[in-house]
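Welcome! Take a look at the sequence and structure before reading on.

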Amino acid sequence: MESAQGIEAVSLANKKIILGVTGGIAAYKAAELCRLLIRAGADVRVVMTAAAQQFVTPLTFQALSGKPVPTSLWEAASGDGMEHIHLSRGADLLLVAPASADFLARLTHGRADDLLSALCLARACPLAVAPAMNREMWAAAPTRRNLEQLRADGVSLLGPATGEQACGETGLGRMLEPADLLAALPALLDAGPLAGKRVVITAGPTYEPIDPVRGLTNLSSGKMGYAVAQAATEAGATVCLVSGPTCLASPAGVTRIDVQSAADMRRAVLAALPADVFIAVAAVADYRVDAAAAQKLKKSAAGLTLQLVATPDILAEVAALPDAPFCVGFAAETGQLAEHAEAKRRKKKLPLLVGNLAQDTLGQDTAELVLFDDRGEHRLPRADKLVQARHLISHLVNLLN
Ligand code: C5P
């Protein structure tokens, strides 16, 4: 994730960010986050709580940010003792990473008994938090209540991720990796070439039920669609990802709507419109069972014939809307890629279509793509899907402009 391309893809030039660090073992990752923010061009000021200093020293962040690191309400660094007011003035974002369970609780109640909490209360800029805590603390009823309140108060929540925790347990509560946090920031900061644009993306397979326990689906992993969602977020777009069943974690900063069937996906996409851009990456089933059985079908020696009917073509429908977004389609073919892809692009009236050979792409981490637009073909030699997604988004930005 923390690839060179990832860091280069995000530009936070001239953005003033206050990085608040609270007490949790993930505080050591905040040092890396600070470094990435600076490499992306941001002007970073770090503020630490007393508990954070049990894990990392202010000197670490001072060395990385090149600026003093205030830690207390009572050190009158700015001369008039109003550091909790001055610091946030002119800031574009206050990001608390890691945000401990205790800090979130204090934030929820508007406490102002240390510099960082006072800064959050007195701020005049958006606030984002990256929670980090043990899975039971994350699942605990008070934390749930606090998060609901924070969301209602307009605080952006980044993560947490799931996985191995410092305490040895496994579950939801890990802080998002620094590179993932970085990728989520352009959308919050109105930065990047897609700033202010709303992008709806479909991803993954669909699942069309035969009966309550069986269904029709395909081998799509969702990796390409999720990579496109991440790349669009990095470019500053507000992204709504409508996803069929996958095992993938949502890219940070993306709003995800989970669906099963093509009909569910169509409903979710139409509800997510209007948008500036629609990118249909999903491998939507072309057929569904006419009348799915309400009870599990019994095995019979006589065999079984299923009556299939066509599903709605979501992309064609969206592209034909009077206020249609800029529509991008995907075409997975098993041969004669250019011929089939161009025919599909014309039929669905798409300004841009991404072609790939299904057998070379499905379920893999890499892909070889060909972009088809009014100017012709553009080949993207085999590379990681996230790298390809970033190429696709920059091509799309050029066409939009
Ligand atoms: O016609 P074909 O299924 O090959 O077109 C593929 C493109 O159309 C993809 O972008 C896919 O997401 C979209 N599509 C859709 N709804 C369908 C079938 C395909 O949005 N029912």
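This is a predicted model: local features need pLDDT of at least 70, side-chain atom pairs count only at pLDDT 80 or more; totals for chains, interfaces and linings use all residues.

Residues are numbered from 1 along each chain as its sequence is written, and side-chain values use heavy atoms, with hydrogens and water left out. Helices (H or I, at least four residues) and strands (E, at least two) are DSSP runs, numbered from the N terminus.

**Salt bridges**

- A search of the whole structure turns up 23 salt bridges, each being a side-chain nitrogen of Lys or Arg within 4 Å of a carboxyl oxygen of Asp or Glu.
- For how exposed a residue is, buried means under 20% relative accessible area, exposed over 50%, and partly exposed in between (1.4 Å probe, protein chains only).
- E32 pairs with R35 in a salt bridge whose closest N and O atoms are 2.7 Å apart.
- E32 and R35 are separated by about one helical turn because they are three residues apart in helix 2 (residues 27-39).
- E32 is partly exposed at 21% relative accessible area, and R35 is partly exposed at 30%.
- R346 and E342 form a salt bridge too, with 3.3 Å between the closest N and O atoms.
- Both R346 and E342 belong to helix 13 (residues 337-347), where they are four residues apart, about one turn of the helix.
- An α-helix has 3.6 residues a turn, so residues three or four places apart point the same way.
- R346 is exposed, with a relative accessible area of 56%, whereas E342 is buried at 17%.
- R106 makes a salt bridge with D113, and their closest N and O atoms are 2.9 Å apart.
- R106 counts as buried at 15% relative accessible area, while D113 counts as partly exposed at 42%.
- R106 and D113 also belong to a network of salt bridges that links them with D102, R111 and D114.

**Helices that pack together**

- Axes here are lines fitted to C-alpha atoms, for helices over the stretch in contact, and angles run from 0 to 180 degrees between N-to-C directions.
- Angles under 35 degrees count as roughly parallel, over 145 as roughly antiparallel, 65 to 115 as roughly perpendicular and the rest as oblique.
- A crossing is left-handed if the near helix is turned anticlockwise from the far one by less than a right angle, and right-handed if clockwise.
- The axes of helix 2 and helix 9 (residues 178-189) come within 9 Å and cross at roughly 40°, so the two helices are oblique to each other.
- The crossing of helix 2 and helix 9 is right-handed.
- Where these helices meet, K29, E32, L33, L36 and L37 of helix 2 contact P178, A179, L181, L182 and L185 of helix 9, contact meaning heavy atoms within 4.5 Å.
- Helix 10 (residues 223-234) and helix 15 (residues 385-400) have axes that come within 8 Å and cross at roughly 50°, which makes helix 10 oblique to helix 15.
- Helix 10 and helix 15 also cross in a right-handed way.
- Residues of helix 10 that meet helix 15 include M224, A227 and V228, and among their counterparts in helix 15 are L386, A389 and L392.

**A buried helix**

- Which helix is largely enclosed by the rest of the structure? Helix 6 (residues 115-122) is, because seven of its eight residues are buried.
- The buried residues of helix 6 are L115, L116, S117, A118, L119, C120 and A122.
- Their cover includes strand 1 (16-21), strand 2 (43-48), helix 4 (83-86), strand 3 (93-99), helix 5 (101-108) and strand 4 (127-131).
- Helix 5 packs against helix 6 at an angle of about 40°, with the axes 10 Å apart, which makes helix 5 oblique to helix 6.
- The crossing of helix 5 and helix 6 is right-handed.
- F103, R106 and L107 in helix 5 meet L116, S117 and C120 in helix 6.

**A loop residue, D374**

- D374 sits in the loop between strand 18 (366-373) and strand 19 (376-384).
- D374 counts as exposed because its relative accessibility is 69%.
- Leaving aside residues up to four places away in sequence, D374 touches R345 and P351.
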